[in-house]
There are 2 protein chains.
Amino acid sequence: MRRIVVQKFGGTSVADTGKIKNVAKTVIHEKNNGNDVVVVVSAMGHTTDYLVKMAKDLSATPSEREMDMLLSTGEGVSIALLAMAIQAQGYDAVSFNAMQVGIFTENVHSKARILKIETEKLRKNLNEGKIVIVAGFQGVTADGEITTLGRGGSDTSAVAIAAALNAERCDIYTDVEGVYTTDPRVVPTASKLKSISYEEMLELAHAGANVLHPRSVETAKLNNVPLRVRSSFKIDDMGTLILGVDKMEIDRPVTGVAADLSQTRIVVLDVPDTPGQAAKIFSTLAKENISVDMIIQSYAKKETNTNDIAFTIDTSDKGKTLTTLDKLKSEIGCRDILANSEIAKVSIIGAGMIDRPGIASGMFETLSNLGINIKMISTSEIKISCLVDKADANKAVKALHEEFDLGSDVVADVKGDLPNV
Amino acid sequence: MRRIVVQKFGGTSVADTGKIKNVAKTVIHEKNNGNDVVVVVSAMGHTTDYLVKMAKDLSATPSEREMDMLLSTGEGVSIALLAMAIQAQGYDAVSFNAMQVGIFTENVHSKARILKIETEKLRKNLNEGKIVIVAGFQGVTADGEITTLGRGGSDTSAVAIAAALNAERCDIYTDVEGVYTTDPRVVPTASKLKSISYEEMLELAHAGANVLHPRSVETAKLNNVPLRVRSSFKIDDMGTLILGVDKMEIDRPVTGVAADLSQTRIVVLDVPDTPGQAAKIFSTLAKENISVDMIIQSYAKKETNTNDIAFTIDTSDKGKTLTTLDKLKSEIGCRDILANSEIAKVSIIGAGMIDRPGIASGMFETLSNLGINIKMISTSEIKISCLVDKADANKAVKALHEEFDLGSDVVADVKGDLPNV
């Protein structure tokens, strides 16, 4: 049986007909490698902005159902144009929207989750030697309603299709060359990772690296689909492979460093130390759809019999969070609520840190040596995050990148050969 | 049971968000009349041109299948935007593309014919009190392939939906106020018809009046759907009603005058008078997809035992026709082939002329009195056409319009009341 490779190209890669021709070349290159190719594309460049602007002209609060109808047309344009560009090069290609393929989602508009992907039409056309082009970002419900997948949607479409077809791998083409040990704009010695595990990639994504949406990585992890992040402009650069940690040789404890500058710390001061107070706060925030990241509750203060509860949120949720907590203030009986957006979350990530003692202390010492005050700490099995002043973030990232020796060329290698390279 | 009215708005009516708001008002006005409303819309203004241009950038001969995929996105945009505009006015609306409704066509791209329209989803949503908006111009095959209907497609979608739903009538909104006795730019006294029969409208359409594509009129006639041509800009103007001749009071023999300036006369000189010669010529042209309009074969000339065969074609087919006939020349054994594009076909149309003698002679005399030479004549039950020099066309139309008294206000009235007015 021939191997299937799924390729995904985002909106900037198909922004105009010239770029679509380039994408056609990349697709044909993969086809000529002897693989069956399924291509997932997003809407062209600024199409979505243009459509959203027209919708806003007509209604301050356009219905989510009609927004999905509207936005899904964007991929309809790009899939057909890419098929034509490929055909013009003498290759057989066919485009399908989500309804035609049968990319079934739950019945939720603007952020639906994929439930099931029919593979019959995809396999039939691949078996006929065709390059198959599928609209990303969109789905359809069992009732024939058109849905969209929300942020990271096209990446998720591509990974889910790769999983359904049991594809060799899923290549996500972007305007960066792969996943780096840290942001190269902050640390010039940042090196490109040859490979990284799903778990590390998830932590890097959550920690502020914007290469892939966590949702697509989670989908890949769940289905064990090898993901490759690679450049739209360097056809021979293999980018970074993301795969299961079990397939990797862990040769160093820390894989990457990331800083997230978009968080705000909230402190609820002197919450009476009675059961259920934290539950009340966080369930109320959850109802308002506010995601909470780091949470710390202090030991109860003996004098006042109260706790301080601190947590971080995305700064875009700051206003909503303060309004929500203000309503709750008298019910909780706390003294005050403080918010600070001049903070940054600096994280080191590495699947190898589990077995190696001294990584956390190494991080704390590095920050301490720079005179950087740590405001909060949270840890997971493969990540340590410290909240610091925003002004100290870049300094911290540079020092940690050096401390954990991330400037060399290959940071984590793969057991045996990389699949299908 | 509530009455259903189908409304159709073309590309110029939905060219921008301001115009879409106007369409929303017209739709709501009809809904407030107490009718269930289905709205069929075309793609916004220049969308189709823009999409075609991108396709041509990518391929000199883009595949028809992918062109259908591409072009069908245009209506996807306009239906969603119109739904939002209606919702913004506080009315419930929902949009569907052809695949969602189930507008099934034959498996032909770029000019498919509608085979069947499912009504379940339409009726369900109408019964829920919603204004239902449907994408015109597009269809879907039983295999889930997206098709488009070709020229006059959106009008045809609207009429076919009206037929499937057994609608009260189908209103085609355009930038003219209705159907006129002749082109008002040529004859300032041209009057708007209150009503006209399908048959007359078909002859007027074929004769060069560009209000409605003949295909939509034929579909209306076949299904006996009352059609109304009315202005997008004058909400209270009832335009022209097109319906079965059996429902009309015929009070004058001639309903309209039309001139078609886009024809070319071809004369095949001295074709040997043996059986099968005409069949050979016209079947060869048919194979090349060349439509032939008027055909005249002279009596055989005794001296040479030959005929002259003359016919008219659309001038856009002139080159192809001459090339085709040139190949056939030696086989037929004719003397020469002549082409003349400086001609015009002037027609008078009227369902009432059947029972009235002297209409044809009245036409010939009128032209004769003006010194206009008639080059060819063809007649049907409700139409008489004369081929004249192009330079004489306007003069002929004006004189015929006056001869048959078409400058008054109401030209043909309807038996009893107009339906649902």
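Which residue, with a positive phi, follows α6(B)? That is B:Asn166, with phi near 55°; more on this residue in point 5.

1. Ground rules. This is a predicted model, where local features need pLDDT of at least 70, side-chain atom pairs count only at pLDDT 80 or more, and totals for chains, interfaces and linings use all residues. Residues are numbered from 1 along each chain as its sequence is written, while chains are lettered from A and ligands numbered from 1 in the order in which they are written.

2. Confidence. pLDDT is the predictor's confidence in each residue, from 0 to 100. For chain A the mean is 89, and 94% of the residues reach 70 or more. The complex gets an ipTM of 0.82 and a pTM of 0.83 from the predictor. One stretch to treat with care is 410-421 of chain A, where pLDDT stays under 50; the model has 35 contacts there beyond four places in sequence (a contact means C-beta atoms, placed from the backbone, within 7 Å). Where pLDDT is low, the coordinates should not be read in detail.

3. Domains. Chain A is split into domain 1 (4-174) and domain 2 (246-421), with bounds that come from an automatic or database domain assignment. Taken over C-alpha atoms, the centres of domain 1 and domain 2 of chain A are 35 Å apart.

4. Helices here are DSSP runs (H or I, at least four residues), as are strands (E, at least two), numbered from the N terminus. Buried means 20 or more other C-beta atoms within 10 Å of the residue's own, exposed means 12 or fewer, and partly exposed is in between, with C-beta atoms placed from the backbone. In chain A, α6 (153-164) packs on α8 (214-223) at about 10°, axes 8 Å apart. Axes are lines fitted to C-alpha atoms, for helices over the stretch in contact, and angles run from 0 to 180 degrees between N-to-C directions. The pair α6(A) and α8(A) is therefore roughly parallel (angles under 35 degrees). Residues that meet include A:Asp155 and A:Val159 from α6(A), and A:Arg215 and A:Thr219 from α8(A).

5. Two asparagines to look at. Most residues other than glycine have a negative phi. B:Asn166 has a positive one, about 55°, and sits in the loop between α6 and β9 (169-174) of chain B. It counts as partly exposed, with 13 C-beta neighbours inside 10 Å. B:Asn289 also has a positive phi, near 65°, in the loop between α9 (277-287) and β16 (292-297) of chain B. B:Asn289 is exposed, with 8 other C-beta atoms within 10 Å.

6. B:Gln87. This residue is in helix α3 (64-88) of chain B and is buried, with 21 other C-beta atoms within 10 Å. Leaving out residues up to four places away in sequence, B:Gln87 touches A:Ser59, A:Ser63 and B:Ala93. B:Ala24 is 63 residues away from B:Gln87 in sequence but 9.0 Å away in space, C-alpha to C-alpha.

Notes: Two residues are in contact if their C-beta atoms, placed from the backbone, lie within 7 Å. Angles under 35 degrees count as roughly parallel, over 145 as roughly antiparallel, 65 to 115 as roughly perpendicular and the rest as oblique.
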